[in-house]
Structures are given as C-alpha cells and as structure tokens.
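Visitor: I'd like to learn how to read a structure like this one. Can you take me through it feature by feature?

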Amino acid sequence: METILDRIIEQKKKEVLLLQESKEIILESEFPKRSLIEKLQTAKELSIIAEYKRASPSKGLINNGVEPEVQAFIYENSGASAISVLTDSTFFKGSFADLKKVRQAVNLPILCKDFIISPLQIDVASAHGANIILLIVAALEESQLHELFQYAKGKGLEVLVEVHNQNELEIALKTGAKLIGVNNRDLKTFTVSLEVTEQLAEIAKKSGAFLISESGIHTEQDAQRVRNAGANGILVGEALMVSQDIEKSFMKLRVPLQEGVNK
Ligand SMILES: O=C(O)c1ccccc1NCC(=O)[C@H](O)[C@H](O)COP(=O)(O)O
C-alpha cells in the first residue's frame with residue numbers, strides 16, 4: 001500500500017526534475033556559517049530545535065496565522081538552539097522563501113526540514129541560508145544516503161540523519177553522522193511514541209553522535225523523558241506553533257542535561 005512517505009517522495013522527484021529542466025543557476029550561500037554541533041558540545045540543558053510548521057499530513061492545518069520571521073524571532077529570544085523550517089509546499093504549506101525570511105531574522109543555525117533526494121535540493125537549501133539539512137534513511141537507498149551526506153558536508157553543511165528503528169539507525173551510523181535524529185513519529189502510519197527514542201538511544205549514543213529526539217514532544221515530562229533516555233536535544237513543532245505563550249511553553253521544555261552527557 002502506498003504510504004504518505006511514498007507520495008511525498010514521488011512529489012519530490014517531480015520537483016527535482018523541474019529544477020533540472022529549469023537550468024536555473026543556484027547561487028552559493030551568501031550567509032554566515034552557524035553550527036548546531038558546536039552548541040551541542042557545550043550545552044548545559046536539553047537543546048531545543050524549534051520548528052516553523054504551518055501544516056502537516058498528520059495534523060492538517062496547524063497555524064497559518066504567524067509569519068516565519070516573527071515566530072523565529074520569538075524562538076531565538078526564548079532560548080532555541082536552532083530553528084527548523086519546513087520547506088515543502090505540497091504537504092506542509094512551507095517554502096524556501098520561509099527559510100530565507102527566517103535566515104534574515106535570526107542568528108541561529110537553521111535546519112532545512114525537507115525530503116531530500118538530490119544534491120540540487122541541497123544547493124537550494126544552502127542558497128536560502130540553511131546550515132543543516134535533513135536526510136531521512138527511510139526515504140533513501142543506502143548509496144544515495146552516503147552520496148548526499150558527503151555532498152552536504154562538502155558544502156560546509158551539517159547533516160541530521162533521521163531514523164525510526166534499529167535497522168535505519170545502523171545504516172545511519174555507517175555515514176559517520178554526528179547528528180542522529182530519532183523520529184518518534186512513524187512516517188508511514190503517523191503513530192507517535194517517545195519509546196522509540198528510549199529504544200534507540202543507547203546504540204545512537206555509543207557511536208558518539210548527538211541525539212535529537214524528534215516529534216511528539218509537548219510537555220516538560222516529555223522533555224525530561226527523552227533527556228533521561230540520553231537525548232541531547234529535541235525537535236519541537238506543533239507544541240510551539242499552537243502555543244498562545246511561546247516563551248512559557250519554551251521554559252517548560254528547557255530542562256537541564258545530565259552531567260557529562262555531551263562529553
Ligand atoms: O508531521 C507529520 O505529519 C509528518 C508526516 C510525514 C512526514 C513527516 C512529518 N513531520 C515532520 C517531522 O518530523 C516533524 O515536523 C517534527 O519532528 C516536529 O514534530 P512535532 O513536534 O510533533 O510537530
């Protein structure tokens with residue numbers, strides 16, 4: 001049966017074809033480098049990657065009433081370590097224009113949250129000001145994952161390699177990734193469980209990578225739970241996008257790290 005991830009990847013293939021056919025010259029990034037890894041190395045609390053996400057396949061419309069640069073500015077002032085911007089338009093109502101607006105509004109590292117299957121998309125992400133790209137193991141052949149990982153690193157970008165089970169994690173670790181994202185959401189069924197982070201944390205941490213727990217984190221208890229499992233950071237979208245008081249929501253998620261976890 002065709003899953004939503006299959007549909008997203010089909011759409012991405014069409015977008016990449018259009019990019020290739022347009023022969024548009026994609027300029028090199030004119031924006032300064034920003035490193036999430038450097039922040040994680042010295043963090044004293046669970047790092048928060050705060051996401052700008054208007055809509056999603058699992059939730060439909062989340063919040064279409066706030067501008068990306070305004071939301072990102074509040075995230076930065078509330079203590080975010082990085083900002084994630086959904087750039088997919090078909091399924092998430094995002095865009096690369098959103099990414100650029102966020103780049104111009106904040107000094108934080110920015111993650112381009114998209115479904116990358118081609119080096120061309122990495123060029124576009126970088127040109128719009130991304131410092132980090134996402135590679136989803138479930139969406140790529142292993143050889144493609146390695147090729148895209150090396151390409152992004154060659155452009156000076158950091159790479160968050162996303163997994164949802166042990167098999168994917170073992171594939172991810174073969175790239176030598178320093179940033180492993182464990183997505184608590186199954187992208188095929190939309191089921192969300194923080195147990196996924198608990199199950200994979202030990203193997204991910206043994207490799208020396210920083211562990212980011214992604215999706216389904218809403219409360220202080222959720223943040224503490226994945227922190228206790230060994231996460232260095234969390235990626236939070238919906239909870240912040242629907243919050244009536246972002247600073248207050250942030251304060252609850254800002255929990256101290258256990259000593260030595262990022263050494
Ligand atoms: O969020 C979805 O419905 C979704 C569906 C299919 C592929 C990816 C999807 N989301 C991307 C993400 O991983 C999340 O935006 C991110 O981790 C934040 O999750 P949340 O805090 O639960 O909004």
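Visitor: Is Thr87 buried or exposed?

Guide: A residue is called buried if 20 or more other C-beta atoms lie within 10 Å of its own, exposed if 12 or fewer, and partly exposed in between, with C-beta atoms placed from the backbone. Thr87 counts as buried because it has 25 C-beta neighbours inside 10 Å. This is a predicted model, so local features need pLDDT of at least 70, side-chain atom pairs count only at pLDDT 80 or more, and totals for chains, interfaces and linings use all residues. Residues are numbered from 1 along each chain as its sequence is written.

Visitor: Where is Thr87 found, and what is it in contact with?

Guide: Thr87 sits in the loop between β4 (82-86) and α4 (96-105). Those labels come from DSSP runs, numbered from the N terminus: helices are H or I with at least four residues, strands are E with at least two. Two residues are in contact if their C-beta atoms, placed from the backbone, lie within 7 Å. Skipping neighbours within four places in sequence, Thr87 is in contact with Gly94, Ser95, Phe96, Asp98, Leu99, Cys112, Lys113 and Asp114. Thr87 and Ala125 are 38 residues apart in sequence, with 8.8 Å from C-alpha to C-alpha.

Visitor: How do the strands go together?

Guide: Strands of a sheet pair through backbone hydrogen bonds, either parallel or antiparallel. Two strands are said to pair if DSSP finds at least two bridges between them. Here 8 strands close into a barrel, in the order β1-β4-β5-β6-β7-β8-β9-β10, with parallel pairing. On average, neighbouring strands of this sheet are turned by 25° against each other, direction ignored. Axes are lines fitted to C-alpha atoms, for helices over the stretch in contact, and angles run from 0 to 180 degrees between N-to-C directions.

Visitor: Which strands does β1 pair with?

Guide: β1 pairs in the parallel sense with β10 over 4 bridges, and with β4, also parallel, over 4 bridges. Ile48 stands opposite Ile234 in β10, while Ile49 stands opposite Ala82 in β4.

Visitor: And which way do the side chains of a strand point?

Guide: In a regular strand the side chains alternate between the two faces of the sheet. In β1, Ser47, Ile49 and Glu51 point one way and Ile48, Ala50 and Tyr52 the other, and all are buried. With 6 of its 6 residues buried, β1 (residues 47-52) is therefore largely enclosed by the rest of the structure. Look at β7 (158-163) next: Glu158, Leu160 and Glu162 point one way, Val159, Val161 and Val163 the other way, and all are buried. β6 and β7 run parallel, joined by 5 bridges, and Leu135 has Val161 as its bridge partner in β7.

Visitor: What about the nonpolar core?

Guide: In soluble globular proteins, nonpolar side chains tend to be buried together. A nonpolar core is a set of buried Ala, Val, Leu, Ile, Met, Phe, Trp, Tyr and Cys residues joined through C-beta atoms within 7 Å. The largest one has 76 residues, and those with the most contacts inside it are Ile83, Ile133, Leu135, Val159, Ile180 and Ile234. Strand β6 (residues 132-136) gives the largest share of this core, 5 residues. Leaving aside neighbours within four places in sequence, Ile133 is in contact with Cys112, Ile116, Ile122, Ala125, Ala152, Leu157 and Val159.

Visitor: How do I read a helix?

Guide: An α-helix has 3.6 residues a turn, so residues three or four places apart point the same way. In α9 (residues 220-229), Asp222, Ala223, Val226, Arg227 and Ala229 are buried. Seen down the axis of α9, these fall within an arc of 160° (taken from the directions from the helix axis to the C-beta atoms), so they line one face of the helix. They pack against α8, β9, β10 (233-236) and α11 (246-253). Just after α9, Gly230 takes a positive phi of about 125°.

Visitor: Which residues of α3 are buried?

Guide: In α3 (residues 68-78) the buried ones are Pro68, Gln71, Ala72 and Tyr75. Their arc around the axis is only 95°, which puts them on the same side of α3. They pack against β1, β4 and α4.
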